[in-house]
Amino acid sequence: ELGGTFSLSYGLESTSDIAFDSSATSFQAVLEDMNSLGHVKVAMSGVIDLEGGQTFLVTFLDADIGDAEILRPNTVGLSGLGKAVTVREEIKGSLAVGDALHFSYTMTIRCSISQVSHGSCGD
């Protein structure tokens, strides 16, 4: 049976203890207490399971964090056979730049691609 607590580290900072059966709201609050992470959104999938644990999805919301390094788990406080915390990157991050916008589109051709005088459509 799974029990106890774990913590996560980011850079030189570590979270306070996080209960194995923590809610998404509590998990988010612990992460946002870290100065280096800023604002995050935490979503939980499924139900808390004493045998298999829980899955959390953490989204970093601050534009200046860029491609965040992987959170490092510490499982010393967890109890149970096979106890583990696995962290993986789902989507690679990037810095949001206020003056950069990339988009593409297809221009519709109203007439033809032949030479036509300016302002007319070959009429």
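**View 1. The protein chain runs β-β-β-α-β-β-β-β from its N terminus.** That makes 1 helix and 7 strands. Helices (H or I, at least four residues) and strands (E, at least two) are DSSP runs, numbered from the N terminus. The model is predicted: local features need pLDDT of at least 70 and side-chain atom pairs count only at pLDDT 80 or more, while totals for chains, interfaces and linings use all residues. Residues are numbered from 1 along each chain as its sequence is written, and side-chain values use heavy atoms, with hydrogens and water left out. Of the 123 residues, 21% are buried (buried: under 20% relative accessible area; exposed: over 50%; partly exposed: in between; 1.4 Å probe, protein chains only).

**View 2. The largest nonpolar core holds 18 residues.** A nonpolar core is a set of buried Ala, Val, Leu, Ile, Met, Phe, Trp, Tyr and Cys residues joined through side-chain atoms within 4.5 Å. Leu8, Tyr10, Phe27, Leu31 and Leu37 touch the most other members. Strand 1 (3–10), helix 1 (24–32) and strand 4 (40–49) each supply at least two residues. Helix 1 gives the most, with 4 residues.

**View 3. Leucine 8 and some of the residues it touches.** Contact means heavy atoms within 4.5 Å. Leaving aside residues up to four places away in sequence, the partners of leucine 8 include Ile18, Phe27, Leu31, Met34, Leu71 and Val87. Arg72 and Pro73 are also among them.

**View 4. Phe6, Phe27 and Phe56 form one aromatic cluster.** Rings of Phe, Tyr and Trp (its six-membered ring) pair if their centres lie within 6.5 Å; planes under 30 degrees apart count as stacked, over 60 as edge-to-face and the rest as tilted. The whole structure has 2 aromatic pairs. Phenylalanine 6 and phenylalanine 27 form a tilted pair, 6.2 Å centre to centre with 40° between the planes. This pair joins strand 1 to helix 1, across 21 residues. Both phenylalanine 6 and phenylalanine 27 are buried. Phenylalanine 27 and phenylalanine 56 are stacked, because their ring centres lie 4.3 Å apart and their planes meet at 5°. Here helix 1 is linked to strand 5 (residues 53–60), across 29 residues. Phenylalanine 27 has 4% relative accessibility, so it counts as buried.

**View 5. Glutamate 69 and arginine 72 meet in a salt bridge.** The N to O distance is 3.1 Å. A salt bridge is a side-chain nitrogen of Lys or Arg within 4 Å of a carboxyl oxygen of Asp or Glu. The count by this rule is 1. Glutamate 69 is partly exposed, at 39% relative accessible area. Arginine 72 is partly exposed too, at 37%.
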